[in-house]
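Subject: Predicted two-chain model, with notes

Dear colleague,

I am passing on the structure below, and my notes on what was found in it follow directly after. Please read them alongside the coordinates.

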Amino acid sequence: MEDSQNAAPGSVSANKLGGARKAADPGQNAAKRLQTELMMLMTSPAPGVSAFPSADGNLLSWRATIEGPDDTPYAGLTFKLSFEFPSNYPYAPPTVIYRTPIYHPNVDFSGRICLDILKDKWTAAYNIQTVLLSLQSLLGEPNNSSPLNGEAAELWEKDPALFKSKVMDRHKDLEDD
Amino acid sequence: MPPPNTPEEGVLTADSPSEQSAPSIAYIPTRHRLYPEPPESPPPRAPTAPPAATTESSRATTPNPSRPPSRPNSAGRASPISCSDRSCLPPINYQDLHYESEVDKSLECPICRTPFYLPLTTKPCGHTFCAACLDRALEIQPVCPIDRQPLDATRDLCHTRVLLDQLDRLRVKCPNRGCDHVCSRELLAVHYERYCEYTMVHCPAPECDLRVARVDARAEKGCLHTYTPCQYCDKSVMVANLEEHYDADCGGHTAKCAHCNAIVIRHRMEKHIAKDCLRTVVACKWRPFGCSEWAPREEVEKHEQGHCVYQAIGRLVRDRMDDRMMINELKDRLSNVDERLRKAEKEKRRSHAAPFVPDLDLNDSPRAAPSYNSGAWDSPEDYMLAQFERMESKMEDLRKMIVELDGHHSMRLLNDTMRLNEQIAELNSKVGVLGMHTTWLMNVQRQSRGQQRAGTAGGPPGSGMVGSSSSAGGGGNSAGGRSVADSDRSRYYSANDGGVPLRRNSHDRGENPPRL
């Protein structure tokens, strides 16, 4: 045991030379973790959210959907998102973007999301499912103190009916993939 | 992927951890930091002490200013610089292992989502992670990845013994391709490093730096890392990878079988023709027994099954040959057994010769020793054994003798005592007779005294008759005679004059000798 530990770093180069053994490329561990997550999502899906790697076979790029929770202005709507994972995932957060146009205090018009866990509050223990569930709950409880969309933040408090109509105006189902 | 000691690592920042080499490899030395010196007892050196410098020099040739200050504890790391020792092996990537047993979800690291390898538990919040995963996460942000509790890598981590034991017991498959070995995770490293035939070890050729599976790393096979042109395509391929090349990326790796037109991998063609191809013309398997059939394999198979007339005779001959072989084998075994039996008998005879030497004196060892030295015994053990047997037979003789003596003694004793008993009985009876005589005599004397007294006052008429009757019955029935005499006497006394004779009687009795 000890020996193999000692031997570890030096044999990295030897590993490359070995021919039969392929050296681990960066992102291999991310891919492995993503595979495990895919398995988890398939075997125990959470209600209202789903995710799957994009069709091009690149495991570092995913497509996800969130259903708007009941009792929120987004009830009955479905939102599509894209996940782009860095090669050092899960140590760095994925880049998550709303592909479906959405009217929300913490999402700007190009779909970028202002959510702390996707920025500085990210930790390696988060995964796709927890991110999706966080985004789903953000739909019902926006953080109006740091809005990306100031108008939406204001309307959320003052005129829920108008907010709801703006949401419906902005929403447009995507047809592609 | 850069090796850990390349300058890339020197410019590593917390924002670009991807520059790090694969964690599974680069982080395994972490164990040396976290395990041999548990975090409970912080290293007894200041963060700026020389060991920290050692870390820097060992991990990177350029100084690493961006490393967080919480990392001086990595001083304990073994030097991860290139391994010049040719016996070192590629490390096991524990995150890639295939687990045979079902792994409980609670044994999975929340970061890598595989069963913990070298788990560490945070002290403030009790969350557990692989050492490597946590190490890397803490490098980015020194907080618990689950609840963002601030963590100090030197103080706030500990390992959980029960968890380690649980993980050690998990059944894993050997990570080497081609090896099907399954063992507990604890023993995997030993199997991988010492025994697995598929572990990539250094090439036996001294000038070659490459690796080859242990099973191929034999001096007589030479270096398998020379290039050889593939016999089917234009590529030149390393000998070690030839099989792989044939199976996968050989340009002309498949060919049509000339007989059946099936597409077959080229270097398996011979086997295909010899065993599988249905169109290859082959001979009937009963050919040695006279069948002359030659046909494509599928027809021959049918022919062999049903139509071949030589099948019966062939089977018979084959059975007979089998029998003959068995007979020969049994014969061999029988002769072996005979041989052994003869040897054993010879030995037995030799060992039995000694006890019959009339050597009855137990202390006479000088006489026994020469028989050993003269070579009559194969070994001291045999000699001792023979001696032992002799002793035993002597003991047996002695025992018999003792038993005999015992019998004699008891017989004699019995005879003597019988005689004595008889004598005692005789004496007894004599004493009895004597006693009777005495009684009789006394009676006679008393009567005569009574007569003398009665002679003065007129003696009783029947007294003489009483005395004669008692003397007639004497000896045989002395007690009866006595009782009769007594009753007569009392009758006589009571019948005769009242007070005076009674008094006299008691006086007489006092004078009487004790009865028998």
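Helices (H or I, at least four residues) and strands (E, at least two) are DSSP runs, numbered from the N terminus. This is a predicted model, in which local features need pLDDT of at least 70 and side-chain atom pairs count only at pLDDT 80 or more, while totals for chains, interfaces and linings use all residues; side-chain values use heavy atoms, with hydrogens and water left out. Residues are numbered from 1 along each chain as its sequence is written, and chains are lettered from A and ligands numbered from 1 in the order in which they are written.

Confidence in chain A

The mean pLDDT (the predictor's confidence in each residue, from 0 to 100) of chain A is 81, and 83% of the residues of chain A reach 70 or more. Among the elements of chain A, the lowest mean pLDDT, 37, belongs to helix H2 (residues 11–17), and the highest, 94, to strand S4 (residues 95–98). Over residues 1–24 of chain A pLDDT stays under 50, although the model has 52 contacts for them beyond four places in sequence, where contact means heavy atoms within 4.5 Å. Where pLDDT is low, the predicted coordinates should not be read in detail.

Chain A: overall build

Chain A has six helices and four strands, and from the N terminus on its elements run α-α-α-β-β-β-β-α-α-α. Of its 177 residues, 48% count as buried, buried meaning under 20% relative accessible area, exposed over 50% and partly exposed in between (1.4 Å probe, protein chains only). Among contacts in chain A between residues at least 6 apart in sequence, 56% join residues at least 24 apart. Chain A exposes about 8200 Å², of which carbon and sulfur atoms supply 54%; accessible areas come from the Shrake-Rupley method with a 1.4 Å probe, and for residues only the protein chains shown count as cover.

Chain A: strands, the annotated cysteine and a helix

Two strands pair if DSSP finds at least two bridges between them. Strand S2 (residues 61–67) of chain A is joined to S3(A) by seven bridges, the two running antiparallel, and Thr65(A) has Lys80(A) in S3(A) as its bridge partner. On S3(A) and S4(A), the pairing is again in the antiparallel sense, over four bridges, with Ser82(A) standing opposite Ile97(A) in S4(A). Ser82(A), which is placed in strand S3 (residues 78–84) of chain A, is buried, with a relative accessible area of 10%. Leaving aside neighbours within four places in sequence, Ser82(A) is in contact with Trp62(A), Arg63(A), Thr95(A), Val96(A), Ile97(A) and Arg99(A).

UniProt lists Cys114(A) for "active site" in an unreviewed entry; UniProt positions are given in the numbering used here, feature names are shortened, and annotations may be inferred rather than shown by experiment. Cys114(A) lies in the loop between S4 and helix H4 (128–140) of chain A and is partly exposed, with a relative accessible area of 31%. Beyond its neighbours within four places in sequence, Cys114(A) is in contact with Asn106(A), Ser146(A) and Leu148(A).

In helix H5 (residues 150–158) of chain A, Ala152(A), Ala153(A) and Leu155(A) are buried, and the buried residues of H5(A) pack against helix H6 (160–170) of chain A.

Chain B

Chain B contains 16 helices and 14 strands, and of its 516 residues 34% count as buried. Among contacts in chain B between residues at least 6 apart in sequence, 42% join residues at least 24 apart. Chain B exposes about 32000 Å², with carbon and sulfur atoms supplying 57% of it.

Three strands of chain B form an open sheet in the order S1-S5-S6, with antiparallel pairing; the edge strands, each pairing on one side only, are strand S1 (98–99) and strand S6 (182–184) of chain B. S1(B) and strand S5 (residues 171–173) of chain B pair in the antiparallel sense over two bridges, and His98(B) stands opposite Lys173(B) in S5(B). Helix H7 (residues 185–195) of chain B packs on the sheet, touching S1, S5 and S6 of chain B, and its direction makes about 125° with that of S6(B); axes are lines fitted to C-alpha atoms, for helices over the stretch in contact, and angles run from 0 to 180 degrees between N-to-C directions.

From an unreviewed UniProt entry comes the feature "domain: RING-type" at residues 109–148 of chain B. The end C-alpha atoms of residues 109–148 of chain B lie 16 Å apart, and the span is 25% helix and 18% strand.

With best wishes
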